[in-house]
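Trainee: Could you walk me through the charged side-chain pairs in this one? I am new to it, so please spell out the terms as we go.

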Amino acid sequence: MSHRRILHAADIHLDSPLQKLDAYEDAPVDEIREASRRALENMTQLAIDEQVDLVVIAGDLYDGDWPDQNTGLFFVKQASRLVQEGIHVAVIRGNHDAANKMTSNLPLPKNPDGSDILLSEKKVDQRVLEDLGIVIHGRSYAKRAETGDMAAEYPAPIGGMFNLGILHTGLSGLDGHDPYAPCSPQQLADKGYDYWALGHIHLRGEHQIEGTAPVVFSGNIQGRHIRESGPKGCLLVDLDARNQTERRFMPLDVVRFETFDANASQWSHTDELMDAYEAWMNDQLEQAENRLLVTRVILSGQSSLHQQWMREQSNLEASLRATSVTHGHGQVWLERLKIKTSAEVDHSPAEQHDANQEGPLHSILSVVEELKSGGGDSDWMANEITPLLKKLPTEFSGDQAPIRFDNPEERHEWIEAATTELLARLQGGKR
């Protein structure tokens, strides 16, 4: 069998809506809004340039039901380019574009052998590509919450062929992900296939058991927000005559998200922050290779600059954004500044002793621990604290966005910051 090449992609989320970025007047909204389309175009061109035989999309081609037909038409155009080049395409639906979620449908082009591009949601669809010696096993989601063991229904491999399994799954035991189509790497390995092309987890990674077929998440092809940082793209999978694989990651993203997470404890002047951010930004720009770079700055650690930064947060963010524009050559946009520093506190033995005794500090710490452990009802906190925050002058509030007390992470961050500030003031911390 001659050389064969598969392109494995997933989680394209075509025309996925922006997440918060359009709230900022100077954000490059149009460029970011178009990012998923440009990334899909990059994938199509890569498949053609690399003379790929088969393109696999392992779920969540769409982000959900289309607001209009343009989203579907865009994919039809890309799929048509592929099949016209003689490239087979196999797509399964995931939780975002499950059959029962999509009310709109457009006729899709047929594969070179006349088969459908979209695999069935009624059963495991088996496609035999005789000319390539490849058999595809895959099933689309019929409904969003596919929480059953879909992998159990996948059939035994066909001998003498390269057996490719396509599945949209959270696997089992991967923290922070919905348990869609749960299964274990061992269960997939036991099927005896040659490669598992997985989707759903946006972080690229392999979960292969030694001596068995690769079990691979390609990740999404374009980050959609700051938590989806770093290069995003697809995998080129080369097959040899013995059906062994060699895999290469190929970036497809047009917008790159990165976070500058800095410990500010060593800095005594804001200029040091600016210099450090500029140096980091230039390094990231080089790695991003002319892509738009969207950054977030997070400052942490005990800092002598804490009080100044808290008072002047909006000005500091504006300065960082100006640095992004001035030194980023039009390729960098600062999404947000988060100040998680704390004031320097003098932990003298006398003060530590007082804090451990019954008294004001002890009472404060007791209340804080109760709030952090969930004793503080989010509705109560919102009702009691929000009116007080609204009364603060802008120079103290920093013109910050409203605190979302219903968000556990944001509520916890606010409690931590407020506690550190209060203790620093009560204990005579450095101003």
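Trainee: How many salt bridges are there?

Mentor: The count comes to 22 salt bridges, where a salt bridge is a side-chain nitrogen of Lys or Arg within 4 Å of a carboxyl oxygen of Asp or Glu. This is a predicted model, in which local features need pLDDT of at least 70 and side-chain atom pairs count only at pLDDT 80 or more, while totals for chains, interfaces and linings use all residues. Residues are numbered from 1 along each chain as its sequence is written, and side-chain values use heavy atoms, with hydrogens and water left out.

Trainee: Which residue does E335 pair with?

Mentor: E335 forms a salt bridge with R296, and their closest N and O atoms are 2.9 Å apart. Because E335 lies in strand 14 (residues 332-343) and R296 in strand 13 (residues 292-303), the pair ties together parts that are 39 residues apart in sequence. Strands here are DSSP runs of E with at least two residues, helices are runs of H or I with at least four, and both are numbered from the N terminus.

Trainee: Is E335 buried or exposed?

Mentor: E335 is buried, at 9% relative accessible area, where buried means under 20%, exposed over 50% and partly exposed in between, using a 1.4 Å probe and protein chains only. R296 is also buried, at 13%.

Trainee: Switching topic, where do E317 and R321 lie?

Mentor: Both lie in helix 7 (residues 313-327), four residues apart, or about one turn of the helix, and their salt bridge has its closest N and O atoms 3.9 Å apart.
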